[in-house]
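These notebook entries record what I looked up in one protein model. They go from single residues to the whole chain.

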Amino acid sequence: MAPTPIETKALLHDLPTPEPESPFPRSRKPYRFSTLCATVDNPDMKDQYGSSSVPIYQTATFKGVGNEYDYTRSGNPTRSHLQHHIAKISSAAHAFTVSSGMAALDVILRLLKPGDEVIAGDDLYGGTNRLLSYIRKHVGVIVHHVDTTNPENLHSYIHPTKTAMVLLESPTNPLLKIVDLATISKDVKEIAPGALIVVDNTMMSPYLQRPLEHGADIVYDSATKYLSGHHDLMAGVVTCNREDVAKQIAFTINAVGNALTPIDSFLLLRGIKTLALRMDRQESTAQLVAEYLWNLGFHVNYPGLPDHPQRDVHLRIADGNGAVLSFETGNKELSERIVAATRLWGISVSFGAVNSLISMPCVMSHASIDAATRAARGLPEDLIRLCVGIEDPQDLVGDLEHALVEAGAVELNAAQNKYVRVPDPDALSRAVHDLDLDSGKQELEWLVSAPGKVILFGEHAVVHGVTAIAASVDLRCYGLTSPRTDDKLSVHFTDIDNFYHEWDVQSLPWDSVTPVPVGGEHPEELDQRLIDALSSTTLAELGEEKKAASAASLAFLYLYMILAKGDRRPALNFTARSTLPVGAGLGSSASFSTCGAAAMLLVHRRISIPPSPPSTVTHTHHEGRRAIPHDIAEEANRWAFVAEKILHGNPSGVDNSVSVFGGALGYTRAGFGRDGGMEGIQGFKSLKFLLTNSKVPRDTKKLVAGVGEKKANEPELVNGILKSIQGISDEARRALADPELPRDALISALNTLIKENHDHLVTLGVSHPALETIRETTQTPFGLYTKLTGAGGGGCAVTLIPDDFKDGDLQTLIDGLIRQGFQPYLTSVGGSGLGILSPFPEHRTQGSDPHRSRQEAGQVTPPETPNPEIVEGYEKQSEFHPLRPSFEASVTTDLPQWAVSLGRWLYV
């Protein structure tokens with residue numbers, strides 16, 4: 001039977017033993033760990049005065065030439081004593097001390113070079129995530145975040161030559177997951193022998209776990225925690241056995257100058273002497289606290305509990321369970337009340353000190369990780385972390401119990417004469433939601449929508465560094481994912497010649513995928529290997545005549561495959577429909593990309609829908625506006641931009657940003673003496689516009705090139721026009737964002753700017769006779785102002801409709817435009833962005849006619865496009881009727897009303 005953690009501490013450790021000072025040495029048994037901690041002795045550095053405590057060499061320089069020490073940045077006797085002592089208790093040949101735990105990790109990550117790949121856990125300290133994100137963006141290192149609790153999860157990410165480092169924590173912080181350090185080290189070395197195994201051992205300290213003994217190459221600790229034990233200094237420790245690695249680390253520390261100071265070295269050395277004593281007390285109390293909470297019925301994360309899923313692995317690699325635990329209450333507000341009600345437990349980040357601490361990681365230590373990534377990694381917002389100190393165990397439990405009572409988490413049961421957990425009245429409702437949105441997600445349909453965009457001011461000039469003003473239009477693309485039961489993947493693009501196609505999920509080129517882990521970001525460049533594989537195999541049969549459908553399919557398949565998690569590859573159909581005219585310069589491709597990205601993030605469980613407010617909460621009804629958090633919107637926008645890259649090669653990012661976030665923004669291209677980037681226009685007031693599709697095809701590249709040629713030939717004229725258009729954009733942005741500007745004054749100002757902007761575009765030569773006809777039709781006799789939008793040369797024109805414009809006149813105008821062969825769309829500009837139909841039962845109305853038979857939900861005869869799974873895939877799904885039949889059968893003009901009739905939508 002495996003020894004318990006307490007028993008293993010009593011075993012002998014094969015660690016270096018200081019030489020006896022007696023001139024008559026005799027055979028000694030190896031010292032045990034607590035003795036090694038308390039005994040600071042370096043035979044090579046005897047103090048000349050026989051000091052029983054290592055002196056503080058508080059000096060920057062040392063006199064002499066060619067001596068061991070010359071400059072404290074490079075070496076100091078106090079620090080040398082400390083590093084020798086740490087190596088001794090860590091089973092290490094080399095030890096280094098720096099200014100903090102994050103400084104230690106920074107030194108280690110400097111071993112990487114651009115193009116290297118790092119495999120890291122998905123439950124890491126927030127600061128570690130922050131630093132990994134930095135090197136990914138600025139150094140060109142590729143980071144894969146993986147659930148390391150199962151060693152097999154790493155296999156698909158290990159590359160024989162590209163994998164340079166594997167970064168592990170065990171137990172993880174704050175979910176106390178256990179990582180099999182020995183097995184992972186062995187597996188990685190077999191496939192990628194050059195990779196470095198790096199372990200953050202802060203949660204255990206060398207007393208309870210020594211990862212170098214299990215195959216790790218480098219181990220680092222935040223010595224601020226257990227090694228110091230008093231939270232009165234900042235320090236980091238790096239240990240290793242490899243001589244080559246040690247030389248690189250020593251060089252970096254000396255070059256950077258972040259070695260630990262003499263005074264802090266002294267304090268850390270003093271703290272280490274009591275490491276074993278402190279941790280024994282802290283660990284035994286932590287076990288008591290964990291069992292107390294566990295017996296009350298809370299979900300507790302602590303490897304000392306019998307139901308911990310990786311307890312056997314932990315017993316094999318560690319000598320104890322540590323003094324950090326976490327538990328869930330099921331309610332974030334309840335957790336906040338518990339934390340606030342404690343007195344003895346200090347509310348603070350960090351751990352490892354003699355004083356006990358309490359915190360909520362999602363709002364403290366891990367707040368730098370966005371909420372979408374936290375949710376995807378299974379980090380509960382209600383999680384409470386307890387870091388146990390050396391206070392009296394009964395006092396700590398008593399203070400925690402008082403806080404639980406005061407917060408309403410437990411109450412006294414008179415019959416049992418003990419405190420029991422208070423049932424959460426909303427727990428059942430949340431459990432049902434979790435069941436619907438997690439374990440049963442393959443049976444859910446997801447309906448999403450995204451708006452198109454219109455360039456109000458600055459088109460063409462934006463190519464030359466002028467700010468463009470873009471806004472969302474209330475003409476939308478809709479995307480619906482529906483489950484299939486035949487292991488097939490299909491798409492139906494009704495606006496691209498009613499295109500339909502399906503593939504066997506398992507036949508897709510999965511061996512060409514480099515998956516992006518949950519919380520990770522797509523590299524700057526597209527995965528050309530995957531694109532080539534899809535183009536040459538999966539999409540090869542479509543041919544040149546279906547170029548547009550092939551491009552849309554490529555974007556969809558790319559997102560589906562690269563976002564898939566492990567072997568979970570759900571069979572589904574994706575149908576996209578649009579009320580936007582396709583190819584008219586209104587951002588139809590960006591709205592498609594946004595719908596596809598959001599749908600795939602939902603299907604693959606990369607983002608989660610915010611829970612419905614508790615029934616006890618009285619809240620304002622916002623019709624779903626701002627219900628989707630900003631971090632989820634950012635995630636959707638990143639992946640929509642990836643889809644736009646597939647469709648257009650080098651997009652600006654304006655179209656997808658407007659489609660996701662809605663409203664209006666100003667965009668300036670970098671590199672023309674102005675700061676580049678996008679800036680939202682706050683307080684944008686929704687405006688009514690008539691968008692008129694000229695139905696004239698555009699050659700955007702030719703039009704852009706024509707302006708460039710005109711600028712080269714007539715620089716004075718064109719530069720003057722560009723300067724004027726910049727002034728128009730600036731004035732428009734000020735007017736649109738001015739909350740005190742009267743509505744009629746705003747309309748008047750915009751009319752003037754619309755006329756001026758269009759006149760400049762005519763001078764640049766990018767208008768078209770059809771656009772001028774539309775402009776004249778709206779001007780006389782209606783007195784409205786119109787300009788081209790987008791690239792011009794065809795496409796759409798936009799006409800501002802004043803609030804007091806008569807309905808009869810508007811209808812007359814629309815009829816006249818239709819008679820001339822144009823297609824007008826009356827819409828509003830500046831509305832909401834990405835929308836997701838709420839999956840919660842209390843938000844759904846099932847549609848205007850939820851009980852009609854399946855045969856009535858569209859045409860009676862089978863459609864020409866063969867999609868037999870449309871019925872087979874619709875076995876009973878929760879309490880909702882399937883959306884796909886009515887979605888595909890609805891008339892395009894009825895789509896918005898149909899979508900609204902389904903229930904509440906959640907918008908960015």
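**Entry 1: S550.** I began with the neighbours of S550, which touches L539 and L542 when residues up to four places away in sequence are not counted; contact here means heavy atoms within 4.5 Å. S550 is found in helix α17, residues 547-562. Helices (H or I, at least four residues) and strands (E, at least two) are DSSP runs, numbered from the N terminus. S550 counts as buried because its relative accessibility is 17%; buried means under 20% relative accessible area, exposed over 50%, and partly exposed in between, with a 1.4 Å probe and protein chains only.

**Basis of the entries.** I note that the model is predicted, that local features need pLDDT of at least 70 and side-chain atom pairs count only at pLDDT 80 or more, while totals for chains, interfaces and linings use all residues. Residues are numbered from 1 along each chain as its sequence is written, and side-chain values use heavy atoms, with hydrogens and water left out.

**Entry 2: K453.** I then looked up K453, which lies in strand β15 (residues 446-457). K453 counts as buried, since its relative accessibility is 7%. Leaving out residues up to four places away in sequence, I found that K453 touches A471, S472, V473, G585, L586, G587, D655 and V658. K453 and S588 are 135 residues apart along the chain, yet their C-alpha atoms are separated by 8.0 Å.

**Entry 3: D486.** I placed D486 in the loop between β16 (468-483) and β17 (488-493). With a relative accessible area of 24%, D486 is partly exposed. Its side chain is joined to that of R484 by a polar contact of 2.7 Å; such a contact is a pair of N or O atoms within 3.5 Å, where within protein one must be able to donate a hydrogen and the other to accept it, and residues adjacent in sequence count only if both atoms are side-chain atoms. From D486 to D504 I noted 18 residues in sequence and 8.6 Å in space, C-alpha to C-alpha.

**Entry 4: helix α24.** Which residues of α24 are buried? In this helix (residues 769-779) they are A770, L771, I774, R775, T777 and T778. They lie on the same side of α24 because they cover an arc of only 165 degrees around the axis, the arc being that of the directions from the helix axis to the C-beta atoms. P769 and E776 are exposed on the other side of α24. I found the buried residues of α24 packed against β22 (687-693), α23 (743-763), β23 (786-788), β24 (796-800) and α25 (807-819).

**Entry 5: backbone.** Most residues other than glycine have a negative phi, and most peptide bonds are trans. I recorded a cis peptide bond between T780 and P781, with omega about 10 degrees; P781 lies in the loop between α24 and β23. Another cis peptide bond joins N173 and P174, with omega about 15 degrees. S91, not a glycine, has a positive phi of about 60 degrees and is found in the loop between α3 (77-89) and β1 (94-98).

**Entry 6: the whole protein.** Of the contacts with a separation of 6 or more, 74% are between residues 24 or more positions apart.
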